[in-house]
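Thanks for coming. I will walk through one model this morning, going from the layout of a chain to single residues. Please have the sequence and the structure open.

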Amino acid sequence: MAGATVTRAQLSEAVYQEVGLSRNESADLVETVLNEIAECLAQGDTVKISSFGSFQVRSKGGRIGRNPKTGEEVPIQPRRVLVFRASHVLKDRINAAFNSRKQQQQQQPQQPSSSST
Amino acid sequence: MIKSELIARLAERNPHLFQRDIERIVSTIFDEIAEAMSRGDRVELRGFGAFSVKQRPARIGRNPRTGAPVHVAEKRIPFFKTGKELREKLNHGQPDGEGGHTD
């Protein structure tokens, strides 16, 4: 159902179900994948995952910010930020699922929507 | 780095696994995240970041060439917010100025 939160635990479980590894090793591998991506990004490299999206590091210049609560000026140092751009495949997949749920709800307002691809 | 390079690096670190299994692991992870977002769920990976889905209301857009009004349906946009740890890692361990919570 919409509104739930998926964490590492569910990703590890999915890997465990998919590949014949132990639960522990599945969890380690999820961690390794995330670390490998993080490591790459920390070096300023872009990470592109086809049909999912790309993670790109952008450098931002320093500027004078403001504490919105007090109005006080605060210098913001130059920094690097990560931007994620979802691929069209991912956007389409999300919207297709959303549209089919919407349609189902319109057709059978009583029935709770079950979600599948 | 693209997906195949990611798989190659993981294979190097895990010589006891078949490359084909590593491919399946990587695909499963991203597929699981995509599937969760398709359900409208949030994916929270502490220290890395969180994927969520934002809603864009229906609006009247315009054909930029003709100026004719076009109805644009309501839609969902995948969104990623970088986790605190990763944000700090990008800046080589300097604590960042932003809020401090990943949610």
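Chain B runs α-α-β-β-β-β-β-α from its N terminus, which comes to 3 helices and 5 strands. Helices (H or I, at least four residues) and strands (E, at least two) are DSSP runs, numbered from the N terminus. This is a predicted model: local features need pLDDT of at least 70, side-chain atom pairs count only at pLDDT 80 or more, and totals for chains, interfaces and linings use all residues. Residues are numbered from 1 along each chain as its sequence is written, chains are lettered from A and ligands numbered from 1 in the order in which they are written, and side-chain values use heavy atoms, with hydrogens and water left out.

Chain B has 103 residues, of which 41% count as buried. Buried means under 20% relative accessible area, exposed over 50%, and partly exposed in between, with a 1.4 Å probe and protein chains only. Among contacts in chain B with a separation of 6 or more, 28% join residues 24 or more positions apart; a contact means heavy atoms within 4.5 Å.

Next, the strands. Which strands make up the open sheet? The order is E1(A)-E1(B)-E2(B)-E5(B), 4 strands with mixed pairing. E1 of chain A and E5 of chain B stand at the edges with a single partner strand each, so one side of each has no neighbour in the sheet. Two strands pair if DSSP finds at least two bridges between them. Strand E1 of chain B, residues 42–45, pairs with E2(B) in the antiparallel sense over 3 bridges, and B:Glu44 has B:Ala50 in E2(B) as its bridge partner.

E3 (residues 59–62) and E4 (residues 69–72) of chain B are also antiparallel, over 4 bridges. They form a hairpin with 6 residues between them, and B:Gly67 in the turn has a positive phi of about 80 degrees. B:Arg62 is bridged to B:Pro69 in E4(B).

Now helix H3 of chain A, residues 88–107. At 1.5 Å a residue its 20 residues should span 28 Å, and its end C-alpha atoms are 28 Å apart, which agrees; the expected span is 1.5 Å times one less than the number of residues. Buried in H3(A) are A:Leu90, A:Ile94, A:Asn95, A:Ala97, A:Phe98 and A:Arg101. They cover an arc of only 155 degrees around the axis, which puts them on the same side of H3(A); the arc is that of the directions from the helix axis to the C-beta atoms. The face turned away from this buried side carries the exposed residues A:His88, A:Gln106 and A:Gln107. Cover for the buried residues of H3(A) includes strand E6 (79–86) of chain A, along with H2, strand E2 (49–56) and strand E5 (75–82) of chain B.

Is A:Glu36 buried or exposed? A:Glu36 is buried, with a relative accessible area of 6%, and sits in helix H2 (residues 23–42) of chain A. Not counting residues up to four places away in sequence, A:Glu36 touches B:Met1, B:Leu6, B:Arg9, B:Leu10 and B:Arg13. By contrast, A:Gly3 is exposed, with a relative accessible area of 63%.
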